[in-house]
Amino acid sequence: MRTLMKRLWMSVKRLSIRSKLLLSYALLVLIPITIMGAKYYYASKGFIENFSRENVYSIVKQNNEIIDSELSQIEADSLALIGDPVMYEQYLRADPQDEYGMVTMEKNVLKALEKYLPETSQLYSYHLLTSYSNIGNSAFIPYQTFASTALHQAAREGDGAMKWVPTFHFADMFGADGGESYSSSQYPPLLAGVRLLKFFHITGSAITELSGRAEPPILLFTFKPELLASRFERTLPSNGAAYFVISAQGNLVAQSDREGAGTRIEPQWLDRMKRLKSGTITVVQDGKPLIICFDTSAVTGWIAGITVSSDMLLDTFMPQITSYTFYLGLVLLFISLFLACLFAESITRPINQLIKAIKKTGSGDFGTRLPIVAYDEMGHLIHKYNQMNEKINNLIEENYIVKLREKETLIMSLNIQLNPHFLYNTLNIMNWTALENNQKELSRMIISLSSMLQYTMENHRDIGEFHEDMNWLHNYIYITDQRFEGKFTVSCDIDPNLYGCTVPKLFLQPFVENAIVHGFAHIHDGGIIRVRGWIEEGKRCFTVQDNGKGITESRMKAIAEMGSDSIGIHNVDKRIKLMYGEQYGVTLTSQENIGTTVKIVMPL
């Protein structure tokens, strides 16, 4: 046995990758399908039973709710009787000795009673019973012996509330004779609702009850058991199912076998149902499991239920489930084997392509590239192979190209160092030449220009110290003032706390330049530029204000639309918004022939 296993293992090891994958897929699919099929079979069996329980229980619950609703309406209608003034007067003045008066009373009572009768076809009879009369649609209830019956006792125990009496036989309730003129065999089994009617009369603010002044009648409704049976017979889930309605004392109110209605039984599971009140239980009857779904009525206290054999339910569905499970497993097996072939092919094809490409690389062809079809593990491996070939090509060229670029970089670096140095030396020579020729203004202009170039060229950052930026602005104003020969004056009012802050480089210069070039374009002297800076509510505020010609409304719209000659304004505004946020930036206000004010706001 051990030798056979060893030979089998060696045979498996000699298989190709494709064959190994197919064999692995077949085993991985066949074993789970077998296990899942068995689990599905038994799970379906349990599901059918649980589903049947829930379905049957919902039928019982719904039927009980409907029946309770109908019985509650009967109770409500009968309760309305006690306040009827006609009823009160008729029974208050009733005189059993006055035959004519009793006939008149019966007509009046019946007429009043019709308004309160339940609307159901299963109503068998209705009565208003006293020790001296039976007023209703039938005289089969003997009023002479009614006081000794369980119906009378139930009404007295209810003391004005409706009491429901389980199905009874006439002979059992009233004796074998049932009266002088009627035989018990004439009447079917009946169930009843009884209520002691405590009539009252309202006079002004006083309420007068009939009790104590005259004998209050007992209202009796009798119904056929079909009142309950018809509801359950229409909703039985299968032919083998049966229904029952039983009182807590074991009296059968209704059942599938109608002959048993009105009898008394004591099943072993009755106490269990009384304790649970509602739910589903399984009992063993004749050696077989029986499912009982039941619910207790909130109106009558009777227990309604449906019984169904679990074997019968399973016999109905399990053959189909068995066939379905077998054929489904077979179809899944074929589909899985087909997909296994496709998966095996998708794995082995790129492996074979990669093996061929590696052979080319080994022969010196580093330009081989494989297409990446999918970004899985194999795709990642092909991607790394392509990267490897590309890096080998780069390494081959690296010695020559890198050295050449190092030379170019060195030359460029020397040129970058030489250009500013040469420029500063040239400006220095020009400054000394101006001093030797006693041209102090020219010398000061050259020094200002040199400082400005140094500030802009030596620091490539976009922000700078505010005090350096103001120095640059003063140098610019000085040089420009020399050009325009006293055409304008500039005053600066800056909060000293601002000088230590950082600001975008040259953020004030475009606005000073616009005031000089555009605002003072048509004047020869008297131009005033005021530069202010202060701190307000955690913000840094700057204004550049001039008394020039101002900006027309059409020109303001053009600037707002980023005209080509307003690049400086929008450049500063965009830089501030990018650095600090959209809530900061530049705002422009102007009045024609009065002047222009530019306000710049930045966070502190």
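**Exercise 1. Determine how many disulfides a search of the whole structure finds, and classify cysteine 293 and cysteine 501 as buried or exposed.**

Step 1. The search, in which a disulfide is a pair of cysteine sulfur atoms within 2.5 Å, returns 0 disulfides for the whole structure.

Step 2. Buried stands for under 20% relative accessible area, exposed for over 50%, and partly exposed for what lies in between, with a 1.4 Å probe and protein chains only. Cysteine 293 has 0% relative accessibility and is therefore buried; cysteine 501, at 17%, likewise counts as buried.

This is a predicted model, in which local features need pLDDT of at least 70 and side-chain atom pairs count only at pLDDT 80 or more, while totals for chains, interfaces and linings use all residues. Residues are numbered from 1 along each chain as its sequence is written, and side-chain values use heavy atoms, with hydrogens and water left out.

**Exercise 2. Describe where histidine 152 lies and what it is in contact with.**

Step 1. Histidine 152 belongs to helix H5, residues 150-158 (helices are DSSP runs of H or I with at least four residues, strands runs of E with at least two, numbered from the N terminus).

Step 2. Because its relative accessible area is 17%, histidine 152 is buried.

Step 3. With neighbours within four places in sequence set aside, histidine 152 is in contact (heavy atoms within 4.5 Å) with Phe146, Ala147 and Ile218.

**Exercise 3. Identify which residues of H15 are buried and what follows the helix.**

Step 1. Within H15, the buried residues are Ile569, His570, Val572, Asp573, Arg575 and Ile576.

Step 2. Glycine 581 follows H15, and its phi is positive, near 125°.
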